[in-house]
Amino acid sequence: MLRHVVCLTWTEGATPDAIDAAARALAALPAQIPELRGFAIGRDLGLAAGNADFAIVADFDDAAGWRRYQEHPAHQAVLVERLRPIIAARAAAQFEWT
């Protein structure tokens, strides 16, 4: 299995409506992308200073599945239309796990 973890920090100008729209668009991806084996998203709870604002965790069978997800038109639309306009910082990692 391959796990993809993304942490996002929003721009200062990101509105609650834009953040909600991004979350809804992300939540719709599992129904559109068969390569997703597990998918969790959520806003940071504010328990520690310096955290990112939002996290995405996606699981795939392998790197090929992750690549198909990355290139999928639904994923690309969420990136271009909903996420990139409000992202100030992004960190991601992919790792294998069992």
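Trainee: Let's start with W97. Where is it placed?
Mentor: W97 sits in the segment after β4. Keep in mind that this is a predicted model.

Trainee: Is W97 buried, exposed or partly exposed?
Mentor: Its relative accessibility is 27%. Buried would need under 20% and exposed over 50%, so W97 counts as partly exposed.

Trainee: And what does W97 touch, leaving out residues up to four places away in sequence?
Mentor: W97 touches M1, L2, R3 and D59.

Trainee: How far is W97 from A23?
Mentor: They're 26 Å apart in space, C-alpha to C-alpha, and 74 residues apart in sequence.

Trainee: D59 was in that contact list. Where else does D59 turn up as a partner of E35 or G38?
Mentor: In both lists. E35 touches D59, F60, G65 and R68, and G38 touches V57, A58 and D59. Residues up to four places away in sequence aren't counted for E35 or for G38.

Trainee: OK, where are E35 and G38 placed?
Mentor: E35 is in the loop between α2 (29–32) and β2 (38–43). G38 is found in strand β2.

Trainee: Why does E35 count as buried?
Mentor: Because its relative accessibility is 15%, and the cut-off for buried is under 20%.

Trainee: How far apart are G38 and R3?
Mentor: In sequence, 35 residues; in space, 8.9 Å from C-alpha to C-alpha.

Trainee: New topic: helices. How do α1 and α4 pack?
Mentor: Helix α1 covers residues 16–27, and it packs with α4 at an angle of about 175°, with the axes 10 Å apart. Angles over 145 degrees count as roughly antiparallel, so that's what we call α1 and α4.

Trainee: Which residues make the contact?
Mentor: From α1 you have A21, A22, A25 and L26, and from α4 there are V78, R82 and L83. That contact of α1 with α4 divides into 6 nonpolar, no polar and 1 charged.

Trainee: What about α3 and α4?
Mentor: Their angle is about 55°, and their axes are 5 Å apart. That angle makes α3 and α4 oblique to each other.

Trainee: Who meets whom there?
Mentor: Y69, Q70 and E71 in α3 meet P73, H75 and Q76 in α4. The residues of this contact of α3 with α4 divide into 2 nonpolar, 3 polar and 1 charged.

Trainee: Which residue lies in the loop between α3 and α4?
Mentor: H72 lies in that loop. Leaving aside neighbours within four places in sequence, H72 is in contact with Q32 and I33. H72 and Q32 are 40 residues apart in sequence, but 9.1 Å apart in space, C-alpha to C-alpha.

Trainee: How many residues line it, and which lie nearest its centre?
Mentor: The largest pocket is lined by 13 residues, and V6, H75, L79, L83 and R90 lie nearest its centre. H75 also belongs to the contact of α3 with α4, and L83 to the contact of α1 with α4.

Trainee: Which elements each supply at least two residues of that lining?
Mentor: β1 (2–10), α3 (63–71), α4 (73–83) and β4 (87–96) do.

Trainee: How does the lining divide into nonpolar, polar and charged?
Mentor: The residues lining the largest pocket come out as 8 nonpolar, 3 polar and 2 charged.

Key: Residues numbered from 1 in each chain as written. Predicted model: local features only at pLDDT ≥ 70, side-chain atom pairs only at ≥ 80, totals over all residues. Heavy atoms only, no water. Helix = DSSP H or I, 4+ residues; strand = E, 2+ residues; numbered from the N terminus. Buried < 20%, exposed > 50% of the residue type's maximum accessible area, 1.4 Å probe, protein only. Contact = heavy atoms within 4.5 Å. 1 Å grid on protein atoms, 1.4 Å probe; cavity = no way out; pocket = protein on both sides within 12 Å on 5 of 7 lines; lining within 4 Å. Nonpolar A, V, L, I, M, F, W, Y, C, P; charged D, E, K, R; others polar. Axes fitted to C-alpha atoms, helices over the stretch in contact; angles between N-to-C directions. Parallel < 35°, antiparallel > 145°, perpendicular 65-115°, else oblique.
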